[in-house]
Amino acid sequence: MRSIHFIGRIALAGALSLGLAQAALAQAGYPNKPIRLVVPYPAGGATDVAARTLQPRLQEELGQPIIVENRPGAGGNIAMSNVVLSAPDGYSLAMTLTGMLSINPEIYKKPGFAAADFVPVARVSLAPLILVVPEKSPYRNVKELLEAGRKAGKGGLAYGSAGAGGLSHLASEAVNRHADGNFTHVPYKGGAPLVQSLMAGEVAWGLLGTGDVRSFIQSGKLRAIGQLRQGRSELWPDVPTLTEQGVPGGVDFDVWFGIVAPAKTPAPIVRLLGEKIAKITAEPAFRQRLLDLGGVAPATDNTPEAFASVLQRELAVLPKAAKEAGLQLD
């Protein structure tokens with residue numbers, strides 16, 4: 001029911017004609033002041049990088065400052081709840097990612113928001129989850145890592161996630177099951193602190209989005225031993241998938257980063273923002289910048305309706321997967 005209501009809002013928004021949208025925007029004068037873009041993780045992580053990569057071009061397109069505001073904590077719930085409580089006028093947006101709207105409301109007792117509380121605007125970047133180990137790790141492939149976990153017994157080795165309850169955690173537990181669940185979960189407040197912990201050898205492995213780890217893999221500070229998707233990504237043609245290594249990951253979702261707004265944000269404003277972001281993500285210079293950072297811009301059909309379809313697929317799969325994995329957080 002949650003997803004039906006959510007997509008219903010999008011259908012209603014899309015029903016407005018372009019003429020009505022232009023008239024409403026002209027009357028409202030949007031935007032006529034700075035816009036804040038809330039990021040649910042600390043500065044330096046992949047979500048933050050996606051926001052700050054988009055920021056300068058979106059400022060140019062809208063003619064107003066875009067203020068990136070980092071509000072980490074509670075697996076992203078602090079930031080998303082803050083945006084939900086903001087006026088639905090287009091001046092408070094969130095840069096969110098795969099699983100935030102579909103997993104968090106399922107596993108937290110009081111997340112402070114539901115998927116239906118937001119309207120999707122546009123996606124900015126896509127990238128696969130990569131299983132990485134520290135540079136000095138003895139494990140050269142996923143089978144070796146899982147065998148070590150089985151031999152170590154319960155609590156013998158730890159893995160890190162980018163946040164309790166997020167896609168990184170859910171997907172990692174799907175992998176952990178192949179080690180009889182022996183690895184101990186250590187949650188971090190985003191990808192950046194997890195990367196630092198990996199390089200310090202504090203955890204044995206982690207599943208992270210490409211944007212978080214690409215430069216560290218290229219510099220030899222981390223080692224990629226698998227990617228969690230059905231086929232190899234163009235970003236990682238030489239890294240075998242977990243399935244190729246005989247270890248089905250159980251969750252086949254690339255990490256996307258995208259902009260959402262409070263659900264009652266006027267449809268003309270959502271449409272304008274979506275068109276501006278779609279224009280930016282189609283630009284060759286922006287696409288190359290994302291590739292350099294470890295992401296791929298959505299190739300086509302980057303609209304609020306297309307984004308809603310992506311979220312609908314998640315809502316049909318990920319809450320159930322989280323429940324089956326027994327994830328429940330206070």
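**Helix contacts, sheet and loops**

Mentor: Leu 54, Arg 57, Leu 58, Glu 61 and Leu 62 of α3 are in contact with Leu 272, Leu 273, Lys 276, Ile 277, Lys 279 and Ile 280 of α10. Contact here means heavy atoms within 4.5 Å. By class, this contact has seven nonpolar, no polar and four charged residues. Ala, Val, Leu, Ile, Met, Phe, Trp, Tyr, Cys and Pro count as nonpolar, Asp, Glu, Lys and Arg as charged, and the others, Gly among them, as polar.

Trainee: On what basis do these values rest?

Mentor: This is a predicted model, in which local features need pLDDT of at least 70 and side-chain atom pairs count only at pLDDT 80 or more, while totals for chains, interfaces and linings use all residues. Residues are numbered from 1 along each chain as its sequence is written, and side-chain values use heavy atoms, with hydrogens and water left out. Helices (H or I, at least four residues) and strands (E, at least two) are DSSP runs, numbered from the N terminus.

Trainee: At what angle do helix α3 and helix α10 pack, and how far apart are their axes?

Mentor: Two packed helices are described by the angle between their axes and the distance between the axes. Axes are lines fitted to C-alpha atoms, for helices over the stretch in contact, and angles run from 0 to 180 degrees between N-to-C directions. Helix α3 (residues 46–62) and helix α10 (residues 267–281) pack at about 125 degrees, their axes 10 Å apart. α3 is therefore oblique to α10; angles under 35 degrees count as roughly parallel, over 145 as roughly antiparallel, 65 to 115 as roughly perpendicular and the rest as oblique.

Trainee: How is α3 placed relative to α11?

Mentor: The angle between α3 and helix α11 (residues 284–293) is about 155 degrees, with the axes 11 Å apart. The two helices α3 and α11 are therefore roughly antiparallel to each other. Val 49, Thr 53 and Leu 54 of α3 meet Phe 286, Arg 289, Leu 290 and Leu 293 of α11. This contact of α3 with α11 has five nonpolar, one polar and one charged residues.

Trainee: What is the order of strands in the open sheet?

Mentor: Strands of a sheet pair through backbone hydrogen bonds, either parallel or antiparallel. Two strands count as paired if DSSP finds at least two bridges between them. Here five strands form an open sheet in the order β2-β1-β3-β10-β4, with mixed pairing. β2 (66–70) and β4 (118–127) stand at the edges with a single partner strand each, so one side of each has no neighbour in the sheet. From one strand to the next, the twist averages 25 degrees.

Trainee: How many bridges join strand β3 to strand β10?

Mentor: Strand β3 (residues 92–97) and strand β10 (residues 255–262) run antiparallel and are joined by four bridges. Ala 94 has Val 260 in β10 as its bridge partner.

Trainee: Which backbone features deserve attention in the loops?

Mentor: A cis peptide bond, with omega about -10 degrees, joins Tyr 30 and Pro 31. Pro 31 is in the loop between α2 (18–28) and β1 (35–39). Ala 74, a residue other than glycine, has a positive phi near 55 degrees, and lies in the loop between β2 and α4 (77–84).

Trainee: What does the relative accessibility of Ala 74 make it count as?

Mentor: Ala 74 counts as partly exposed because its relative accessibility is 41%. Buried means under 20% relative accessible area, exposed over 50%, and partly exposed in between (1.4 Å probe, protein chains only).
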